Amino acid sequence: MTPDELRDLAKLAELKKQIELGRMQPELSLRQAISRDIASLRERLSAPPADPSDPVLMLQDTAHKDLLEQKLKQRLVHLSQVEARIAQISPALAQASARKDVAETLLDRAEKDQRKSREDARIALSNQMTS
């Protein structure tokens, strides 16, 4: 491949990498938001119970804690789903990054070879002129 073709290949690989990063970013942001929600729910669940001498407050507290536990379970399931999507994207991102690295390495080698060939041709031409 020529250096120009390799340069185009490297640009394409970078574009694919950026696409995969773009796919992953919303999932990472969502994971962070869900994790914050989970931490908040756990903190609220660990709050001390209502005054045991007031049965109405105890009933309300129990109902509230049941609701919080239900929300916590839902958020944990949602977090698990997001983690699964991130796990699916990660290999594609790694593959795109590897392709970009390979394309850049090949481009560097091709450019070095091209410079060496030009230098060899210049030396050969110089030697022909001096002979």
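User: What makes K100 and E14 a salt bridge?

Analyst: The closest N and O atoms of K100 and E14 are 3.4 Å apart. A salt bridge is defined as a side-chain nitrogen of Lys or Arg within 4 Å of a carboxyl oxygen of Asp or Glu, so the pair qualifies. The pair links distant parts of the chain, with K100 in helix 2 and E14 in helix 1, 86 residues apart. Helices here are DSSP runs (H or I, at least four residues), numbered from the N terminus. This is a predicted model, in which local features need pLDDT of at least 70 and side-chain atom pairs count only at pLDDT 80 or more, while totals for chains, interfaces and linings use all residues. Residues are numbered from 1 along each chain as its sequence is written, and side-chain values use heavy atoms, with hydrogens and water left out.

User: Why is K100 called buried?

Analyst: K100 has a relative accessibility of 13%. Buried means under 20% relative accessible area, exposed over 50%, and partly exposed in between (1.4 Å probe, protein chains only), so K100 counts as buried. E14, its partner in the salt bridge, stands at 25% and therefore counts as partly exposed.

User: Which residues does K100 touch, leaving aside its neighbours within four places in sequence?

Analyst: K100 is in contact (heavy atoms within 4.5 Å) with A10, A13, E14 and K17.

User: Why is D4 called exposed, and what is said of R7?

Analyst: D4 counts as exposed because its relative accessibility is 52%. R7, at 29%, counts as partly exposed. D4 and R7 form a salt bridge, their closest N and O atoms being 2.7 Å apart. Both residues lie in helix 1, three residues apart, about one turn of the helix. D4, R7 and E111 are linked in a network of salt bridges.

User: Why is E20 called buried, and how is R23 classed?

Analyst: E20 counts as buried because its relative accessibility is 13%. R23, at 42%, counts as partly exposed. Their side chains meet in a salt bridge (2.7 Å, N to O).

User: What makes up the largest nonpolar core?

Analyst: A nonpolar core is a set of buried Ala, Val, Leu, Ile, Met, Phe, Trp, Tyr and Cys residues joined through side-chain atoms within 4.5 Å. The largest has 12 residues in all, including M24, I34, V82 and L93. Helix 1 and helix 2 each supply at least two residues of this core, and the largest share, seven residues, comes from helix 2.
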